[in-house]
Amino acid sequence: MSDYLWFEGIPLPTAENQKEKIEESRDKLVIRDEDTVILTYPKSGTNWLIEIVCLIQTKGDPTWIQSVPIWDRSPWIESPDGYQKLINKEGPRIIISHLPFHLFPKSFFSSKAKVIYLIRNPRDVLVSGYFFWSKMKVVKNPESLRTYFEWFLKGNVAYGSWFEHTRAWLSMRERDNFLLLSYEDMKKDAKSTIKKICDFLGKKLEPDELDMVLKYSSFQAMKENNMSNYSLVPEDMASKDLVLLRKGMAGDWKNHFTVAQAEAFDKVFQEKMAGFPPGLFPWE
Ligand code: A3P
């Protein structure tokens, strides 16, 4: 177990050179107009969305997603290795990040790059994060869900406060190059969400291609795909029993929160997310 690396008020995983790379990427990484950027708070369904976007690119052909690890298809800005891959890659890129608004590459804000911001009920994000981060060696491990619950509400978890991350990124939601999606809508109707992503990215799929995207991005297909299920995460980063595709459901928090925790969470949510229009958060 290691502690977090704190950078400008944000706890980060302790990867080598992480602070320097984030600083460098904020000041120097050029986001190109033709890039697609996927932004999420951790545990919101990031990898599911990546799989869908990759499959849209190949028109449903699974060869790419079944032969190249997910982090090489769509590198992370904040991973030193991913950052290098992004710099070296020519042409349009699929770029992933959990970075909060104020640490994101500055060039992005004046680019026409398309960004998809995926949100998920933060209660489920919390539960998913508890199980995931407990197995990771690059963050501070919580000894119980109760401890993690307290850290989460304070924002003392990887990539900081869910509330601040979401508030800041949602300030861009009226822009033409910004698509807001929710995990809950993806669960309810994945096909419609895929169509929405295609429209946003200007891609056209035939009905059978759309069916292939749906098929190969399903929970079961991803769980069985070693290129996407995190079974290739090196042992110095995570213990062997790390599971990315754990339950894949909406509302699992109800199996884990006490009544008092549920009430405390509601109160914080209402305070911190006041001012957003009703209906923006489909789980509320
Ligand atoms: P659970 O831990 O609740 O099961 P991220 O990719 O941002 O780390 O998010 C991981 C969460 O997304 C996990 O949630 C995982 O099961 C879920 N997930 C990943 N792929 C999915 C899929 N194809 N369908 C539904 N949920 C998926």
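Modeller: Let us begin with Tyr130 and Tyr148, both of which are buried, a word that stands for under 20% relative accessible area, with exposed for over 50% and partly exposed for what lies in between (1.4 Å probe, protein chains only). This is a predicted model, in which local features need pLDDT of at least 70 and side-chain atom pairs count only at pLDDT 80 or more, while totals for chains, interfaces and linings use all residues. Residues are numbered from 1 along each chain as its sequence is written, and side-chain values use heavy atoms, with hydrogens and water left out.

Colleague: Why is Tyr117 called buried, and what about Trp169?

Modeller: Tyr117 has a relative accessible area of 1%, so Tyr117 is buried, and Trp169, at 0%, is therefore buried as well.

Colleague: Why is Glu284 given another word, partly exposed?

Modeller: Its relative accessibility is 49%, which lies between the 20% and 50% limits, so Glu284 counts as partly exposed. Glu284 lies in the segment after α12 (259-272), where helices are DSSP runs (H or I, at least four residues), strands are runs of E (at least two), and both are numbered from the N terminus.

Colleague: How many aromatic pairs are there, and why is the pair of Tyr117 and Trp169 called tilted?

Modeller: The count comes to 33 aromatic pairs, where rings of Phe, Tyr and Trp (its six-membered ring) pair if their centres lie within 6.5 Å, with planes under 30 degrees apart counted as stacked, over 60 as edge-to-face and the rest as tilted. The centres of the Tyr117 and Trp169 rings are 6.4 Å apart and their planes stand at 40°, so the pair is tilted. This pair links distant parts of the chain, since Tyr117 belongs to strand β5 and Trp169 to helix α7 (residues 162-170), 52 residues apart.

Modeller: Tyr130 and Tyr148 also form a tilted aromatic pair, at 6.2 Å centre to centre and 50° between the planes. Here helix α5 (residues 122-133) holds Tyr130 and helix α6 (residues 145-154) holds Tyr148, 18 residues apart.

Colleague: How do you know that strands β5 and β6 pair?

Modeller: Two strands pair if DSSP finds at least two bridges between them, and β5 (residues 114-119) and β6 have 5 bridges in the parallel sense. Ile119 stands opposite Ser182 in β6, and β6 (residues 178-182) is mostly covered, with 4 of its 5 residues buried.

Colleague: What makes Arg123 a charge that sits over the ring of Phe269?

Modeller: The rule asks for NZ of Lys or CZ of Arg within 6 Å of the ring centre and within 35 degrees of the ring normal. The charged end of Arg123 is 5.5 Å from the centre of the Phe269 ring, and Arg123 also lies over the face of Trp253, at 5.6 Å from the ring centre.

Colleague: Which residues lie nearest the centre of the largest pocket?

Modeller: Of the 43 residues that line the largest pocket, Asn47, Trp71, Trp76, Phe132 and Tyr230 lie nearest its centre. A pocket is an open set of points on a 1 Å grid over the protein atoms alone, where a 1.4 Å probe fits, with protein on both sides within 12 Å along at least five of seven lines, and lining residues have an atom within 4 Å of a point.
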